[in-house]
Amino acid sequence: MRNLTFLTQLKPFVAGALSLMLLTFAAKSFANNDLPDLGTAAVNTFSLEKEMVYGDAYMRVIRSSAPMLNDPVLSQYLTELGNKLVAHATGVKTPFYFFLLQNDEINAFAFFGGHVAVHTGLFLNADNESELASVLGHEITHVTQRHLARSLEAQQKSNPATIAGLLGAILLTIAVPQAGMAALATTQAMSTQSRINYTRLHEKEADRIGMQILVDAGFDPNASADFFGKLASRYRFTTTPPQMLLTHPLPESRITEARNRAEQYSKRYVPDHLNFQLAKARIQVRFSSYSDEAVLSMFERQLNKQTYSFKEAALYGKALALFRLKKFVESEKIIDSLLKIDNNNLFYIDTKSDLLTERKDYKNAITMLEGQRRIKPTSQVINANLANIYIEADQASKAIPLLEDMIFLDKQNELPYQLLATVYKKTGNQALEYFSTAELMALGANYKGAIDQLNFAYRASESNPLQLARIEARIRQFKIADKQMDALK
């Protein structure tokens, strides 16, 4: 979906500023008598309810600060893969939310509230779906085993200020390792060696349980050792290792343990999945540092030399590259050939929708997407594309129920709010345009801006008492949230 793919980059991801915000937030939250009584279990240190609050706050900071990628096709693929793994995890106490950051660095991290971030660079460096799944299984285990909460518990003999500092530093470390490591160095919680040992304990546990999740979900148990072994070899002599190696150290013993653990499972052939290679091709073309010409040449070489994992993925990558070079006829010819093989594949349907939109063939685009919606009524790819077509075709009001369905299924998704604001602007409903913009701002922790938008919406809703009451209620909620978020400033 060309028109709907965007990055949330409202301001730079400044590590130092984020560090200060998180440390301040933690300090205020645990000041004085608010510090929980530290016991022998993580639940006594940091309740699940508090984890959810912190997770939500941190997610809003990320939305407003990091290059978050809102591509419906990739988001749906990652969510489905993540949920497949979560279904085989034990001790799941929170919902999980998987999201992408556009960053060529190899990294993934998990934090409070079941949030799991994946850098696009992880796709670029994984050779198959099992390797990607091995990283996700590891991060899922960090959540289910409550490793952040247990890290706080390990500091139970420290004072409240130290624990507050450690909480902020831990949260920062998983997102910006260099800054987070520096923040950890300033705390007085424990000696450096003790802190490292505790981290290794968590990593070993995540490796062990994560592999079990991987195997139970039907993936290759050797994928973890293969992927981390590849990273260790590639960055063995570099002075600037990728972020993943800063937060997930790779001593030789850890890789050996992973290989030994994998050998305990019965040998079986686990084929790669086409959709992983399609997702990788999409990232290579649209969300990497490669030029359009370079990726086109890369896929043409793969096709000529037959060095691809799946011919369909190489063709798809070539079609996307041709599209970006505005060679629409050549691109559509490839996509049509792929749709003849699999007319329900969302990657192909999304690009076909873009091609039809490009030549303003809205009728056929709507026919195709409405047919798909009858098969996949909850697909964010289908609903987002169809809503976008309706907007482009000057039938914006038809997009409203589609976008409302998307919000109902995923209240953390910025995309439908952005599109709703566009719909209401096109249909002349100024009050709801302001209201949708307010919701979008709130997702990025900009509650003051959201309240301003709601005040505009209020003034534009003078003749609608129900709408006025709804706006008043939302203003009150945002004022409370703004007070809580003030601790981040």
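Is Arg 373 buried, exposed or partly exposed? Arg 373 is partly exposed, with a relative accessible area of 22%; buried stands for under 20%, exposed for over 50% and partly exposed for what lies in between, using a 1.4 Å probe and protein chains only. The model is predicted, so local features need pLDDT of at least 70 and side-chain atom pairs count only at pLDDT 80 or more, while totals for chains, interfaces and linings use all residues. Residues are numbered from 1 along each chain as its sequence is written, and side-chain values use heavy atoms, with hydrogens and water left out.

**Figure 1. Overview of the protein chain.** The chain holds 25 helices and five strands. Of the 489 residues, 57% count as buried. Among contacts between residues at least 6 apart in sequence, 67% join residues at least 24 apart; a contact means heavy atoms within 4.5 Å.

**Figure 2. Surroundings of Arg 373.** Arg 373 lies in helix H19. Setting aside neighbours within four places in sequence, Arg 373 is in contact with Ile 382, Asn 383, Leu 386, Leu 402 and Asp 405. Arg 373 and Asn 383 are ten residues apart in sequence, and their C-alpha atoms are 7.3 Å apart.

**Figure 3. The nonpolar cores.** A nonpolar core is a set of buried Ala, Val, Leu, Ile, Met, Phe, Trp, Tyr and Cys residues joined through side-chain atoms within 4.5 Å. The largest core has 113 residues, and Phe 123, Tyr 316 and Phe 347 have the most contacts inside it. Helix H16 (residues 311-324) supplies the largest share of this core, nine residues. Another core, of 14 residues, lies apart from the largest one and has Met 59, Met 68, Leu 101 and Ala 117 among its members. Not counting residues up to four places away in sequence, Phe 347 touches Val 73, Leu 74, Tyr 77, Asn 275, Leu 278, Ala 279, Arg 282 and Tyr 316.

**Figure 4. Packing of helices H15 and H16.** The axes of H15 (residues 292-305) and H16 come within 9 Å and cross at roughly 150 degrees. Axes are lines fitted to C-alpha atoms, for helices over the stretch in contact, and angles between N-to-C directions run from 0 to 180 degrees. H15 and H16 are therefore roughly antiparallel, a term for angles over 145 degrees, with under 35 counted as roughly parallel, 65 to 115 as roughly perpendicular and the rest as oblique. H15 passes H16 in a left-handed crossing, in which the near helix is turned anticlockwise from the far one by less than a right angle; clockwise would be right-handed.

**Figure 5. Packing of helices H24 and H25.** H24 and H25 pack at an angle of about 165 degrees, with their axes 9 Å apart. That angle makes H24 roughly antiparallel to H25. H24 passes H25 in a left-handed crossing. Residues that meet across this pair include Ile 451, Leu 454 and Tyr 458 in H24, and Leu 468, Ile 475 and Phe 478 in H25.

**Figure 6. Ser 461 between H24 and H25.** Ser 461 sits in the loop between helix H24 (447-459) and helix H25 (465-485). Ser 461 is buried, with a relative accessible area of 2%. Its side chain reaches the backbone oxygen of Ala 457 at 2.7 Å and makes a polar contact with the side chain of Gln 467, also given as 2.7 Å. A polar contact is a pair of N or O atoms within 3.5 Å; within protein, one must be able to donate a hydrogen and the other to accept it, and residues adjacent in sequence count only if both atoms are side-chain atoms. Leaving out residues up to four places away in sequence, Ser 461 touches Ala 431, Gln 467, Leu 468 and Ile 471.

Figure 7. Lys 360 is found in the loop between helix H18 (346-358) and helix H19 (362-375), and is exposed, with a relative accessible area of 57%. Lys 360 is not a glycine, although its phi is positive, about 60 degrees. Ala 445 lies in the loop between helix H23 (430-443) and H24, and is buried, with a relative accessible area of 14%. Phi of Ala 445 is near 70 degrees, a positive value in a residue other than glycine.

Notes:
Helix = DSSP H or I, 4+ residues; strand = E, 2+ residues; numbered from the N terminus.
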